[in-house]
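Trainee: I have the model open. Could we go through a few of its features together?
Mentor: Gladly, let's start here.
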Amino acid sequence: MSAQPRVVLVDDHGLFRSGVRAELGRQMDVVGEADDVAPAIEVIQQELPDVVLLDVHLPGGGGQAVITAVKQSHPEVKFLALSASDAPEDVIAVIRAGARGYVTKTISTAELADAIRRVADGDAVFSHRLAGFVLDAFAAAPSPQDVRPSFDPELDQLTTREREVLRLIAQGYTYKEIARELFISVKTVETHVSSVLRKLQLSSRHQLTRWAAERRLT
Amino acid sequence: MQEQWHHHRRWQDPPPDGGVPNWAIRVRRHYRGDGGPLRRDPDDRLAGGVAAGIAAWRGIGVTAVRIVLVVAFLVTQGWVVPLYLIGWLVIPPQGSDTNVWSRARHDSRGMALAAALASLLVLFLLIATLNSQLLATYGWPQVVSVACLTLIWRNAADSERGVLTRLIVPLDSRPGTTTSGGRRRASRATKLRLGASAVLLVVGVSWLLKEHESFSLLGPLAGLVLIASAVVLLLGPWWLRIARDLVLERQARARAEERADIASRVHDSVLQTLALIQHRAEDPQAVVQLARAQERELRSWLFEGRSPGDTEVTSLGEGIREIQRDVEARHLVPVEVVTVGDCTLDEHLSALLAAAREATVNAAKWSGASVISVFAEVEPDRVIVAVRDRGKGFDPEAVPDDRKGVSESIHGRMARHGGEATVQSAPGEGTKVTLTMPRTAEQPGYEPKPDEVRR
């Protein structure tokens, strides 16, 4: 990984793009911008950046459309989702499509740069809100009629440790603080978070979809 | 007709200074009225706008003209229809000097088609006359009508053809299909339908006409039934479409109302806040405050369906967000809230909320932290609320008295309701207050999964 990750910004707000570009410009190599799904796919396939900073909400189909299209030809490109509205079902959808993390637009520049670097290094980045969503999604008990033979039942549940890590992230702990709190190494924290991400993306659990649908109803 | 007008002009219009005779003025009035030449009025038309044109030209009500036309239709046994259509052909539309006829004259194929259709009708009527006098008397004038209509259809301007299309829309029930495949399918269905109804119509009419002597009862009855089914087959889709259009229209209205509601809300809240932010741009603290308050309000409206004035607290999540709202407003410190699960409040959980509020206010007042984090999780058997800051922290062994008092009140409150509170803190390390309240069995509400392995 080079010292300066190469980044593509995808957001339909020009104002936001130029703001991020100005703030990240010194620490990142911003190689491209796009304001919608189709141009985003084009510029990503052309530039092949390390990280794509991807708005969850895009006029032409949402962030997951970009991820799905790019993953087919270039699975090595990593995505960091960000949004201002973070309706849980949208965020979960983007993560399940393959984003390596999610942060809110209110994040500070330093934190954003840190998050991009971590995603570029292959780690997962959970904001405190996403941690809350994930705990929520995996907490709801499967109803009897929903129990179906799962390909890998391990994927449908979080371990106690993963749950603890998520709880601390939800409380605003950094990985370092979590490591100290739980007497484990930062690397182990990262492993737990990546494992949660994998479960989130691979779980065949109906619950995740149903949970999102219910959230919209209430 | 244009030429005719010019003829009129030639004998009607002597030079302006040439002493116009009275009769000529009267004749001109008769033809041109006060407001100008006779023109069809496309803005107020049912078919060709002839009635409206006449009404405007003579300065009488269009309804009166239409009533006269209908009465005349009965009196003249249908001859008004071809007259009307001839008017459509020769009277130019408003704002124009060319009529449909001037174009139709050069349309040889249209002429041939008109003649063919008219002769077909003549043939049909000849047969019909042998049986039914009534049908024939009303039918004959329509020989002319058919020819005129054909010519108008082929030669009128697009906007006028639109009117004709609307008049014959009963024949075509296609909804707004967009794909060409769908359109082709739909047009084939239309052809099938037209074909079937034509067969029914022909059979029905011929039975009515031919068999009324030998099968004097059965024939006409069956004929009527067949004609009725032909009408249903022909017009049914049109009626359906009218009903569907009504529904669509109602939906569109509902959407428009919703949009208006959203617009007014955005105006009342977001735009006002943006204006305030511009005014106070030199005060970063106030700007952050305004932006956060607005974000919270918008979020609770968008994702929880709560209107800005709605402050009633019935669930734990709402209670936590109320704490967030109040502390941010009073102490100007951002509060980050994450809640997992939710449940309705009882007195124990209300006590938990009160303790959580104390802890949050403490953190805002004393810690000096730039942000406070509040985390609430509803588990099947208990509710946990953690209030955390990265501020100064303190040595729990050597707390100042005032702080100890607050701490005691948190502890005491929790203990009285069967819960417990732990305070972790160290100088320079921030403070974390964890509140745990067991849930009683009869509490209704959200149920997270019971099959979890827990610590």
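Mentor: Axes are lines fitted to C-alpha atoms, for helices over the stretch in contact, and angles run from 0 to 180 degrees between N-to-C directions. Helices (H or I, at least four residues) and strands (E, at least two) are DSSP runs, numbered from the N terminus. This is a predicted model, where local features need pLDDT of at least 70, side-chain atom pairs count only at pLDDT 80 or more, and totals for chains, interfaces and linings use all residues. Residues are numbered from 1 along each chain as its sequence is written, chains are lettered from A and ligands numbered from 1 in written order, and side-chain values use heavy atoms, without hydrogens and water.

Trainee: How are α4(A) and α9(A) oriented to each other?
Mentor: The axes of α4 (residues 88-97) and α9 (residues 186-202) of chain A come within 8 Å and cross at roughly 95°. Angles of 65 to 115 degrees count as roughly perpendicular, under 35 as roughly parallel, over 145 as roughly antiparallel and the rest as oblique. The two helices, α4(A) and α9(A), are therefore roughly perpendicular.

Trainee: Which residues in α9(A) does α4(A) meet?
Mentor: Contact means heavy atoms within 4.5 Å. From α4(A), A:Ile92, A:Ile95 and A:Arg96 meet A:Leu197, A:Leu200 and A:Gln201.

Trainee: Over which ring does the charged end of B:Arg388 sit?
Mentor: A charge sits over a ring if NZ of Lys or CZ of Arg is within 6 Å of the ring centre and within 35 degrees of the ring normal. For B:Arg388 the distance to the centre is 3.6 Å, and the ring belongs to A:Tyr173.

Trainee: With which residues is A:Ala84 in contact, leaving aside neighbours within four places in sequence?
Mentor: A:Ala84 lies in the loop between β4 (78-83) and α4 of chain A. Beyond those neighbours, its contacts are A:Lys105 and B:Arg299.
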